[in-house]
Amino acid sequence: MMTIFGIPAAALFGQLLLGLINGAFYALLSLGLALIFGLLNIINFTHGAQYMMGAFVAWLALNVLGLGYWPSLLLAPLVVAALGILIERTMLHRLYKLDHLYGLLLTFGLALIIEGLFREGYGVSGQPYAVPKELAGGWNLGFMFLPIYRGWVVVASLVLCIGTWFAIEKTRLGAYLRAATENPTLVRAFGIDVPVMITLTYGFGVALAAIAGVMAAPIYQVSPRMGSDLIIVVFAVVVIGGMGSILGSVITGYMLGLLEGLTKVFYPEAAGTVIFVAMVIVLLIKPAGLFGKGA
Amino acid sequence: MTSASSAIPAAPPSAPVAPSRQKLFVLALLACALAAPLMIYPVFLMKGLCFALFASAFGLLLGYVGLLSFGHAMFFGWSAYITAHAVKEWGLTPELAIGLGVLAAMTLGLIAGWLAIRRQGIYFAMITLALAQLMYFVALQAPFTRGEDGIQGVPRGHLFGLIDLGDTLTMYYFVLAVFVVALLFINRVVTSPFGQVLKAIRDNEPRAISLGYQVERYKLLAFVLSAGLAGLAGSLKCLVFQLASLTDVNWHMSGEVVLMTLLGGVGTVFGPTVGGFMVVTIQNYFAGIGSWVTIIQGVIFVICVLLFRSGMIGVMAPWLKRRGITG
């Protein structure tokens, strides 16, 4: 059996793949957080709960409506984005003129409500969600076994991240968005409906979280608590990357996922903490974050 | 050039308030607190006092420096662990164990504060949350914390080796005494010249910098004080319940203390106390029915942020003013 640094190669690559998948979720979630923060100046604490809701919509669609994985991949982001837009229109938009911290507190409260309601309804134990049959099975790559579904998650999240980056950096709508992030008042003066843009941005960021949730459902179990632990790690990712750059948050997400995977191989005890330790180190060396433009 | 000392703003005018009425009100509160265990279950009161102190420590930071820490559970929980270990394994007397816990919390506060004040606003909140999660994992894995079980059956011991705290009523008066002293200390801090500088930083940081204040140092000192007081609350709670567990270091606890302060009133001396007692009451009331405590706490968060950001004290302010209790 092939070994690398005394570790069986299959185990090493297996953990790296798992790290890459975690990284895919970190990237999708921190991308959404960065988008929302850019335009709304709010850190969306509800993001983890919205990721969890995405997974639950998929699970409910399967068990109540009989809809499979593929329709859910479209349905879940739409449902969660619609709820997000409702939240933005009824609550968040009242806070834009206040200190940013109120947005954090409000979304924290909403996260507690959503998590609590799902826990009340479905208990704390996880619900299994089967891998769609088109993506079941795996390929033997020689040096490792690649479950097809996991490969799909990595590819799909890459496509989503690059697509989002392209839409923001290379299209006219993206140009409006970037302009509104810099100076909303001026963009409004040009006749562009910034409030609608803000609402849609929130909906889009939240939809990304919901898609991540659907993709996570067959890998992790669908449980009310799946979002809250993840969101804290994603916050650390965001602190490390800085929220100034779209590409930066994506790259940071994948890098940290890989770092976590490597840690699981070489020093499993620290796997849960390595991202936080990385955050401490980055704060010491480059306080503004790897891609940040200032404090 | 303005010298640093003359830049300290004058204390807010509290002259129009008749001081005797204010004093009378505080004395009446104190009398109620002394008589309370006759009518109300003392353990509940002690829990309320511990959380009131915890919230007051947090409120010192949020209300007077404008720093939102989302990781105060690490000071509360770790101080509880250290105190529990010191009493149970080393056989220290309670006052020494509490002192050790507070010292540990302050050291942790020094490190966490030093890291977190490198970034501002929203990032500060996220960093403190992440650091607290790091310390949660350490608590989960360190052998002496006994993982999921926590440190159970912590003896309360004899205060100064003389007074037996095993008696619930004695313990209550001890907790009350510590609470009153701590609240007086917080009041002293916020009305001192140091506290005035903190408020100046909160209201206009660039101006405070341009006046020559080492803003970072003031923030760090306030953070360490707040951490130490949060640790004091954690140590007390651990002796009251004779338990130090993962619940105390969890992020839910960090969220709860934010809620208490927000509900009571940010930037007031008594607000966090009011909020602390209210949240503990809610917890007791809904404890039996599943996740409803979490849901209700979330709803209160939303209502506080959207409708009354000045908290309960803010709502009661006109009434208190009419009675000549506050200015």
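A:N22 touches A:G257 and A:E260, leaving aside residues up to four places away in sequence; two residues are in contact if their C-beta atoms, placed from the backbone, lie within 7 Å. The residue is found in helix α1 of chain A. Helices (H or I, at least four residues) and strands (E, at least two) are DSSP runs, numbered from the N terminus. A:N22 is buried, because 25 other C-beta atoms lie within 10 Å. A residue is buried if 20 or more other C-beta atoms lie within 10 Å of its own, exposed if 12 or fewer, and partly exposed in between, again with C-beta atoms placed from the backbone. A:N22 and A:A175 are 153 residues apart in sequence, and their C-alpha atoms are 30 Å apart in space.

This is a predicted model, in which local features need pLDDT of at least 70 and side-chain atom pairs count only at pLDDT 80 or more, while totals for chains, interfaces and linings use all residues. Residues are numbered from 1 along each chain as its sequence is written, and chains are lettered from A and ligands numbered from 1 in the order in which they are written.

Chain A as a whole comes next. Chain A has eleven helices and four strands. Its radius of gyration is 19 Å, close to the 19 Å that the globule rule gives for 295 residues, so chain A is as compact as a globular protein of that length. The radius is taken over C-alpha atoms, and the globule rule is 2.2 Å times the number of residues to the power 0.38. Along its principal axes, the C-alpha trace of chain A spans about 65 × 50 × 35 Å. Of its 295 residues, 48% count as buried. Among contacts in chain A with a separation of 6 or more, 75% are between residues 24 or more positions apart.

Chain B can be read in the same order. Chain B has 13 helices and two strands. A compact globule of 327 residues would have a radius of gyration near 20 Å, and the 20 Å of chain B agrees with that. The C-alpha trace of chain B spans about 60 × 45 × 40 Å along its principal axes. Of the 327 residues of chain B, 48% count as buried. Of the contacts in chain B between residues at least 6 apart in sequence, 77% join residues at least 24 apart.

Most residues other than glycine have a negative phi. A:N41 is not a glycine, yet its phi is positive, near 60 degrees. It sits in the loop between α1 (9–40) and α2 (47–65) of chain A, and is partly exposed, with 17 other C-beta atoms within 10 Å. In chain B, B:Q242 has a positive phi of about 55 degrees, although it is not a glycine either. B:Q242 lies in the loop between α9 and α10 (251–264) of chain B. It counts as partly exposed because it has 16 C-beta neighbours inside 10 Å.

Where do the two chains meet? The contact takes 33 residues from chain A and 33 residues from chain B. On the side of chain A that touches chain B, the elements giving two or more residues are α4 (100–122), α9 (226–241) and α11 (274–285) of chain A. The largest share of that side, 16 residues, comes from α4(A). The residues of that side divide into 23 nonpolar, five polar and five charged. Here Ala, Val, Leu, Ile, Met, Phe, Trp, Tyr, Cys and Pro count as nonpolar, Asp, Glu, Lys and Arg as charged, and the others, Gly among them, as polar.

One helix pair across this contact can be followed residue by residue. α4(A) and helix α5 (residues 121–141) of chain B pack at an angle of about 40 degrees, with their axes 8 Å apart. Axes are lines fitted to C-alpha atoms, for helices over the stretch in contact, and angles run from 0 to 180 degrees between N-to-C directions. The angle makes α4(A) oblique to α5(B); angles under 35 degrees count as roughly parallel, over 145 as roughly antiparallel, 65 to 115 as roughly perpendicular and the rest as oblique. A:H100, A:L101 and A:L104 of α4(A) make the contact with B:G121, B:I122 and B:A125 of α5(B). By class, this contact has four nonpolar, two polar and no charged residues.
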